[in-house]
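Subject: Structure handover

Hi,

Here is the structure for you to work with. My notes on what turned up follow below it.

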Amino acid sequence: MLLLLPLGSYAQSITPAQIEQFKNLPKAQQEALARQYGVDLDALTGGNQTSSRPQPVQVVESVSQITDQERDKAVEDREDEEKSAEKNNGLKPFGYDLFAGDPSTFAPVTEIPVPTDYTLGPGDVLRIQLWGKENQNLELPVSRDGTISFPDSGPLSVAGLGFDEAREQIRTRVSEQYIGVQASVSLGELRSMRVFVLGEARNPGSYTVSSLSTITNALYVSGGINRTGSLRNVQHKRDGKLLGTLDLYDLLLQGDSSGDSRLQPGDVIFIPPVGKRVGIEGEVYRPALYELDGEGTLAQLVKMAGGLTPQAYPQRINIERTNKDFLRIIAEADYTSQRGLKAAIQSGDRVTIPSIADITGQYVEVQGAAARTGKFAWIPGMRVSSLIKNLDADLRPTADKQYAAIVRTDPQDDTISVLNLRLREAVQNPGSQHDLQLKEKDRLLFFSDAGKVDVQTEADLVEQPNSKTEGKGSRLTTGGEEGPETYTRDKLFESVIQRLKAQASPVNPQQTISISGPVRYPGEYPLPESQRLEDAIFVAGGLKDSASLYQAEVARYIVDDSGVGQTRILNVNLADAMAGRSNIELQSRDRVLIKSIPEFAKTRTIRLQGEVRYPGEYTFRDGETLREVLKRAGGLTDNAFPRGAVFTREKLRRLEAQRLREAEERLQGDLLGVQLEGDSFGGQTTQRIQQVEDLLEDVQNSRPIGRMVINLGSVVTGEAYQPIRLQDGDSLTVPTIPQSVSVFGEVQFPTSHLHRAGLTVDDYLERSGGPTRQADEDRVYVVKADGSVMLPERSRWFGGRSQQLEVGDTIIMPIDVDRLNQLELWTNVSQIVYQMALGAAAVGNL
């Protein structure tokens, strides 16, 4: 307690003996007493001043720590840089990324030794350790008058002295005034000073930095150099005089910091605008825009760009520059010659280092549905089996493992030829005649199999999703970004066919043929080297099962003796050609037609439904009639109602749908005309238009049936009735015996009534409440059960309709369109209503 009392009152009056006594206490007791009396333990013991390492201070903060305003500015600067790069073919100025980031504070590492020529000044702190007869640790700041004050001694002037000189003077004074005491002098805290960073700095202004700061330190504090500023001529000025310049390229490219001089208070760092720039791109390690320091040569520019890459072609380096007429011209330089190395580079030049266009030899290339595509080393004597050793491992799952093609380039005239490869035989029998030898620059084309592609696609579609991407219904392909459809014969042969056509001449005719008909891949192909028809069919994927082996045709273009082109047709026995017994040889531009077996696998069906003994879908022969098929189906049941049978035909359904669409279009056009006329119906236009729109909606919702009226009873009994020849897609529905007569249309209560013999049309209309006010009583018609239409006539004597109805009949009471308007619109409505009643109404009642 007595020991620490002076600490609380005046810590600087503690004697060294008291400090030593305090140091002998346990560490925990030292900390407790220091906290109790508010004493700085580190300052008291001085332990951290000599043993602890200074903590590193972050000089440049990360982007995540900057403010929103600074982040917006950084984004804006980045956009400006991108726009500038677009103007220079993507090239960016070199070196400016050195100052990426925003400075937070500047505190350089203080662990480095203090230079011997460091000049002391006000604000510096000298640490003096005395040992010997007397032990003390002193921290003496340099006052404003440039002196330090020793205890029990006078002041000593040190301002303006170098550190070594000041250290010797302090040692001399200690040895003279303190007998038996030696001194060790070091620098403690360093003074700060104010310098100016001006010109093309990112943030020009005045900055406070450490006295050990250099030019680069001050540049970091100011945020670096704008892209409009020079990196090669950073000027260091003092009192208006230029002390030196800093070339940052020496630091960036060579690691030379000799020009990074130390600053003093009041110094100015001036960044002038950027000098001459040239761009270099292509096969160099650092393509960018570089600033020239005076006149430069091509060799110096390439050196700054890191040198040429192994893929560079140095003999023809392009130099694009602006001439005196302000036109862009292109010059060339041979970098392998001394003249090319010394070629002068001017401001605004853009140098392009070309690359080796292609491998000049010693390779073969694999394309298409192979597991590994690209260029592979060629060895003399190598064969196809040297590249493809296993069909399953070396080819994709969708690949055609039967056929491949070799595109060969003639080194003499650069013309190409195509060799057909029986792939499976070549791989399974290495060294055989099918395992062809490869030459330099051969291209092997591997094609996809259409059947395998379809199977693979279906498997991908039903595959369970295992990831977020698949869960969204993505379609997987074994080809990665390129699906199997990319490797079809059409796609891979497209450029080959174009090349064969381009190189054709009168001496060497176009080496292509076309094949059509029932082959797996019809199209245009290179002429097989063997010129045999069976090889051409093999290239096209082989014959389909619908191909006729009895006959094929070859259309050949020839030139007769008079020089006129003609087409000649050659008939070929396909079976003999496939067996190798045909002596026909294919020629240039031949067109091969493989004929199909007539009516091959063509099935025609009719669907029998309802009251048929054995209903179902029946296949019928060509020319077979409905009566014959019904006989095969066991005939009709006892509950069948032949007079109400519905026979539909697909061809009639399509025709009916077409006419219904045409009528609908006419109705819409006429309805628009009525709407434009305004109140032409005594103020009831809106109501009438609504009625017609409802009718139009009914028409749009109706579906064509394609019904054909037949007398099924006469068909079954075989009376003198026209035979009904069946067509594919026909359908017959035989209903059960009905008991009702239906009344539809403009009646009070549209419904169905139990049929009673002797009742007439008017009787059934009366039982449905009679016609409405919009009904047209003069146009009532009856749709019979067999689909025919009857127009009942009024009796001349009694004025009524005395025609009696049968079961299954339907009475239609149409709307009185004459009451609305006499336009053609209502005629179209009547036609549409008639079609609806004839089809849907009658069938729906059965």
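Glu-524 is partly exposed, at 32% relative accessibility. Its salt-bridge partner is Lys-501, with the closest N and O atoms 3.3 Å apart. The pair links distant parts of the chain. Glu-524 sits in strand S26 (residues 523–526) and Lys-501 in helix H17 (residues 489–502), 23 residues apart. Lys-501 is also partly exposed, with a relative accessible area of 39%. Please keep in mind that this is a predicted model.

A search of the whole structure gives 33 of them. Glu-281, Glu-320, Arg-328 and Arg-350 are joined in a network. Two contacts in it involve Glu-320:

- Arg-350 to Glu-320: the closest N and O atoms are 3.0 Å apart. This pair links distant parts of the chain, with Arg-350 in strand S19 (residues 350–353) and Glu-320 in strand S16 (residues 317–322), 30 residues apart.
- Arg-328 to Glu-320: the closest N and O atoms are 3.3 Å apart.

How accessible are these residues? Arg-350 has 19% relative accessibility, and the cut-off for buried is under 20%, so Arg-350 counts as buried. Glu-320, at 23%, counts as partly exposed. Arg-328 counts as partly exposed too, at 39%.

Next, the nonpolar cores. The largest has 58 residues. Within it, Leu-423, Leu-438, Phe-446, Phe-493 and Ile-594 touch the most other members. Strand S22 (residues 399–409) gives the most to this core, with six residues.

Ile-594 deserves a look in your viewer. Leaving aside neighbours within four places in sequence, Ile-594 is in contact with residues including Ile-515, Pro-518, Val-519, Ile-537, Leu-543 and Leu-574. Ser-516, Gly-517, Ala-547 and Ala-552 are also in contact with Ile-594.

Last, helix H7 (residues 163–177). H7 has 15 residues. From first C-alpha to last, H7 reaches 21 Å, close to the 21 Å expected at 1.5 Å a residue. Which residues of H7 are buried? They are Phe-163, Ala-166, Ile-170, Arg-173 and Val-174. These residues lie on the same side of H7, because they cover an arc of only 100° around the axis. An α-helix has 3.6 residues a turn, so residues three or four places apart point the same way.

Best wishes

Methods. Residues numbered from 1 in each chain as written. Predicted model: local features only at pLDDT ≥ 70, side-chain atom pairs only at ≥ 80, totals over all residues. Heavy atoms only, no water. Helix = DSSP H or I, 4+ residues; strand = E, 2+ residues; numbered from the N terminus. Expected span 1.5 Å × (residues − 1). Buried < 20%, exposed > 50% of the residue type's maximum accessible area, 1.4 Å probe, protein only. Arc of directions from axis to C-beta. Core = buried A, V, L, I, M, F, W, Y, C linked by side-chain atoms within 4.5 Å. Contact = heavy atoms within 4.5 Å. Salt bridge = Lys/Arg side-chain N within 4 Å of Asp/Glu carboxyl O.
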